[in-house]
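Here is a short report on one protein model. Look at the sequence and the fold first, then read on.

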Amino acid sequence: IYSWVTGLTVEQTVSSNGLLMVVAGMLVGFGSTIGSGCTSGHGICGIARLSARSIVATITFFIFGLMTVYILRHVWGIA
């Protein structure tokens, strides 16, 4: 999304831009709050407890991860 909005290519390194890092951290925290936990928590602890909500959440994470990679690499041509 960043590349699409700005027209810049995405670098494969960690940014030294403090504001960008703060915004990214806030987005991760917001997503964890909406999802009632983080991806690792659902994937490791939730599935181990046989939590239906965690199983659905983990499947959802994987599906959207696969779709994101497919779109970025095969549709937009970003490696």
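This is a predicted model: local features need pLDDT of at least 70, side-chain atom pairs count only at pLDDT 80 or more; totals for chains, interfaces and linings use all residues.

Does Arg-53 count as buried or exposed? Arg-53 counts as exposed, because its relative accessibility is 55%. (Buried means under 20% relative accessible area, exposed means over 50%, and partly exposed lies in between, with a 1.4 Å probe and protein chains only.) Arg-53 sits in helix α4.

Local features need pLDDT of at least 70, side-chain atom pairs count only at pLDDT 80 or more, totals for chains, interfaces and linings use all residues, and side-chain values use heavy atoms, leaving out hydrogens and water.

**The whole protein**

The protein has 4 helices and 0 strands. Along the sequence the pattern reads α-α-α-α. (Helices are DSSP runs of H or I with at least four residues, strands are runs of E with at least two, and both are numbered from the N terminus.) Of the 79 residues, 9% are buried. The protein exposes about 6600 Å², and carbon and sulfur atoms supply 72% of that area. (Accessible areas come from the Shrake-Rupley method with a 1.4 Å probe; for residues, only the protein chains shown count as cover.)

**Where α3 meets α4**

Helix α3 covers residues 39-48. Helix α4 covers residues 52-75. The two pack at an angle of about 135°, and their axes are 9 Å apart. (Axes are lines fitted to C-alpha atoms, for helices over the stretch in contact, and angles run from 0 to 180 degrees between N-to-C directions.) That angle makes α3 oblique to α4. (Under 35 degrees counts as roughly parallel, over 145 as roughly antiparallel, 65 to 115 as roughly perpendicular, and the rest as oblique.)

Which residues meet here? From α3 come Thr-39, His-42, Gly-43, Gly-46 and Ile-47; from α4 come Ser-54, Ile-55, Ala-57, Thr-58 and Phe-61. (Contact means heavy atoms within 4.5 Å.) The residues of this contact divide into 4 nonpolar, 6 polar and no charged. (Ala, Val, Leu, Ile, Met, Phe, Trp, Tyr, Cys and Pro count as nonpolar, Asp, Glu, Lys and Arg as charged, and the others, Gly among them, as polar.)

Leaving out residues up to four places away in sequence, Ser-54 touches His-42, Gly-46 and Ile-47. Thr-58 and Gly-46 are 12 residues apart in sequence, and their C-alpha atoms are 9.0 Å apart.

**Cover, residue by residue**

| Residue | Relative accessibility | Class |
|---|---|---|
| Ser-54 | 5% | buried |
| Thr-58 | 10% | buried |
| Trp-76 | 46% | partly exposed |
| Leu-50 | 69% | exposed |

**A loop and an end**

Leu-50 lies in the loop between α3 and α4. What is its phi? Leu-50 has a positive phi of about 60°, although it is not a glycine. Most residues other than glycine have a negative phi.

Trp-76 lies in the segment after α4. Trp-76 touches Trp-4 and Ile-71, not counting residues up to four places away in sequence. Trp-76 and Trp-4 are 72 residues apart in sequence, yet 9.6 Å apart in space, C-alpha to C-alpha.

Conventions: Residues are numbered from 1 along each chain as its sequence is written.
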